[in-house]
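User: I am new to this structure and would like to understand the terms used to describe it. Could you take me through them with care?

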Amino acid sequence: MNRLLLVEDDTALSRTLHIGLQARGYDVRSTTLGAEAMPLAQEFRPDIAIVDLGLPDVDGIEVVRALRAWSDLPVLVLSARTTQDDKVAALDGGADDYVTKPFGMDELLARLRAALRRVPPAQPSSTIRTEELTIDRAARRVDRNGAPVHLTPTEWNVLDVLLRAPRHLVTQRELLHEVWGPQYAHETNYLRVYIAQLRRKLEARPSAPRHILTEPGAGYRFEP
C-alpha cells in the first residue's frame, strides 16, 4: 500500500481527498498546517506527497522545498493559482507535478500513478523477504517456509512485474502489456487466472491474501 502525505488547509477538500484516496488503496496521513508537514513526514515515511500552496501558516512552496531537501519522494502540488510564474516557482522548488483547482479525482489518481511509476524501484534485483517468502529475482527462485515453490514461466513473469516496485500499484493494462504484449491489453481474464494461481502457491490464505493484493478496477500490487 502506497503511503501518501496530504497537506491541504481546506478541511472539506482534505476530508474528501482523504476518504477518496483511502478507498483507492492509499494509506493517507493529512494535516492542514505546513509546519506539521515535515514532522509528520519523518514519522510516517510517505511514498508520495500532495501539498497545497495556499496554506494558512507557511507558503506551500516552502513545504515542497523542505520535503525535497529531506527525500526524493514525488511531490504533487495542488493550487488555485494558475499563472505560469506560480507553476514555474513550484516546479523549480522541487514539485514533480502541478494540479490546478478544480480538478477531478480520476485526473489526480492518474497523476499520482504516473509520479510513482517514475520512482526507481527500491529493490531492482535483490532478494525480497517476507515472513514466509524468500524471492530471489536474479535466480528466478521462490521459497515458501524454506521449501522451493515451482512457478511456471508466465506465473514468474507476472510476479516479477509486481516485484519491480513493491507497494506500488501496477495497472491491469501494464501487466498485460509487459507479460503478454500490447495486443492483450484488454484480456483481464488472463490476469485473474494467473493471480489466483500465484496466490494459491504463495499465500498462506489465498482467499485473504497478504502479499498479492487487488486494487479493484485498477490493478495489483505486491506488499512485502
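**Domains, sheet and backbone**

Analyst: The chain is divided into domain 1 (2-116) and domain 2 (127-222), with bounds that come from an automatic or database domain assignment. This is a predicted model, in which local features need pLDDT of at least 70 and side-chain atom pairs count only at pLDDT 80 or more, while totals for chains, interfaces and linings use all residues. Residues are numbered from 1 along each chain as its sequence is written, and side-chain values use heavy atoms, with hydrogens and water left out.

User: How do you know that domain 1 and domain 2 bury area between them?

Analyst: Buried area is the accessible area (1.4 Å probe) that two parts lose on being put together, summed over both. For domain 1 and domain 2 this comes to about 500 Å², with 44% of it on carbon and sulfur atoms. By class, the side of domain 1 that touches domain 2 has four charged, two polar and one nonpolar residues; here Asp, Glu, Lys and Arg count as charged, Ala, Val, Leu, Ile, Met, Phe, Trp, Tyr, Cys and Pro as nonpolar, and the others, Gly among them, as polar.

User: What is the count of salt bridges between domain 1 and domain 2?

Analyst: A salt bridge requires a side-chain nitrogen of Lys or Arg within 4 Å of a carboxyl oxygen of Asp or Glu, and the count between domain 1 and domain 2 is zero.

User: Which strands stand at the edges of the open sheet, and why is one side of each left without a neighbour?

Analyst: The open sheet has three strands in the order β10-β12-β11, with antiparallel pairing. β10 (170-171) and β11 (212-215) each have a single partner strand, so one side of each is left without a neighbour in the sheet. Strands are DSSP runs (E, at least two residues), helices are runs of H or I of at least four residues, and both are numbered from the N terminus.

User: What makes β11 and β12 a pair?

Analyst: Two strands pair if DSSP finds at least two bridges between them; β11 and β12 (residues 219-222) pair in the antiparallel sense over four bridges, and therefore meet the requirement of at least two. Glu215 stands opposite Gly219 in β12.

User: Which residues does a cis peptide bond join?

Analyst: The cis peptide bond joins Lys101 and Pro102, with omega about -5°, and Pro102 is placed in the loop between β5 (97-100) and α5 (105-117).
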